[in-house]
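Please keep the sequence and the model in view while reading.

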Amino acid sequence: MTLSCHQCQSHIVGYIQRTLPPDMRREVGAHLDTCQVCYAHYQEHLQVERDLQHYVPRLGVRTSPAFINVWRAMHQPLRPRQTTSQVTMRYGMVLVTAICILVVPFFINRHHLAAAAASTQMVPVSARITPNQPITLTSTRVAHVMPLDVQQTPEPQTVMVTGPSLDDVISTP
Amino acid sequence: VTENQTMDDILQACLAGDQTAYATLYEWCAPMVLRLCNGILMNAEDAEDVMQESFAYAFKNLQRYDSSRASFKTWLYTIALSRCRNLYKRGHWRHFMGLIGLDLMASAQETPEARYANLHARGVIEAALRQLSPRLREAVILRYGHGLTFREMAEVMDCPQKTAESRVRLAHEQLRSILKPASAFLLEELIGNEI
């Protein structure tokens, strides 16, 4: 079995760190001997390995704090976990949000219901209502229009009114 | 407490309530735990806090340590790593980034040129490590900074051994791509100076 470049490159770190099984290690080695691209890849990883081995052990070397500090800390009760209060606070926030979500639409609906109730009262209409024309009063007689069903699309209605016209009424002393 | 005492003897003395034994144990283990915390958290003050917290916890719960399951060092590392994770889970680690350098120890025998080159290289490595995710950085610090085997790493990081191996491999891949432009630049600079 011969390795592809992709397979070989995925095993390079294992090859450097000697964690590959012997068969695989042999195959990766054979591929590196023949493939310049993978060999360049291997060289880069080798450089990273050297840098890490050289610098990381010296990372963060500092003088330790005095033992007495730890000794004092050991004889004090451990700090209460902050997560508990944070969790409680988070639950509280969730509760408040849930209440708002439940209550606010109710008030909004109440407002809408009130508006709807006002609009369904019997209104004096004595007009011919068409969508694109201004309303013109033809009579002072009051006609009662029953509220429409909300689901229903209102059709332009013509209210036929018989009796004296507005002009007649106004001109009548 | 004498220097020839083994770790087991010291632990026994600690369990018997000997304060000097605790001090000896601390002197032995504190530098490596501090280095671990400092490498992972990349902040000196927080590393000290986490280290002290870890030792206080370990000393208080010393009777829970089971030498047949893991070495004392591994047990201590597990405690310290868990506390480091708590710290950066709370989001505190983000503000560390880019604030303070890591104070890498310089060798006294370095020439000024070598020291300058080393400082530059350290800066590059440190910056590259900062770009890794916390899990990958933990793997690098445990593997290269403390020489743990993959099995020990798996115990400390609380994951399967294969996961520990793949974290090191991923960290290697990422570091290679991060360090590649830097090394090319350094090489160009070097060639330019020689010409």
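## Terms and basis

Helices (H or I, at least four residues) and strands (E, at least two) are DSSP runs, numbered from the N terminus. This is a predicted model, in which local features need pLDDT of at least 70 and side-chain atom pairs count only at pLDDT 80 or more, while totals for chains, interfaces and linings use all residues. Residues are numbered from 1 along each chain as its sequence is written, chains are lettered from A and ligands numbered from 1 in the order in which they are written, and side-chain values use heavy atoms, with hydrogens and water left out.

## Chain A

Chain A has seven helices and zero strands. Of its 173 residues, 23% count as buried, where buried means under 20% relative accessible area, exposed over 50%, and partly exposed in between (1.4 Å probe, protein chains only).

D23(A) and R26(A) form a salt bridge, with the closest N and O atoms 3.5 Å apart; the term denotes a side-chain nitrogen of Lys or Arg within 4 Å of a carboxyl oxygen of Asp or Glu. Because D23(A) and R26(A) are three residues apart in helix α3 (residues 22–34) of chain A, about one helical turn separates them. Both D23(A) and R26(A) are exposed.

## Salt bridges within chain B

In chain B, R135(B) and E138(B) form a salt bridge, their closest N and O atoms being 3.7 Å apart. These two residues are separated by about one helical turn because they lie three residues apart in helix α6 of chain B. R135(B) is partly exposed at 33% relative accessibility, whereas E138(B) is buried, with a relative accessible area of 0%. R85(B), R135(B) and E138(B) are linked in a network of salt bridges.

Helix α8 of chain B holds E165(B) and K162(B), three residues apart, about one turn of the helix. Their side chains meet in a salt bridge (3.8 Å, N to O). K162(B) counts as exposed at 63% relative accessibility.

## The interface

Chain B contributes 47 residues and chain A 37 residues to the contact between them, contact meaning heavy atoms within 4.5 Å. The two chains bury about 4000 Å² between them, 65% of it on carbon and sulfur atoms; buried area is the accessible area (1.4 Å probe) that two parts lose on being put together, summed over both. Y144(B), H172(B) and R176(B) supply 17% of the area that chain B buries against chain A, more than any other three residues.

One salt bridge is counted between chain B and chain A. It joins the side chains of E44(A) and R176(B) (2.2 Å, N to O).
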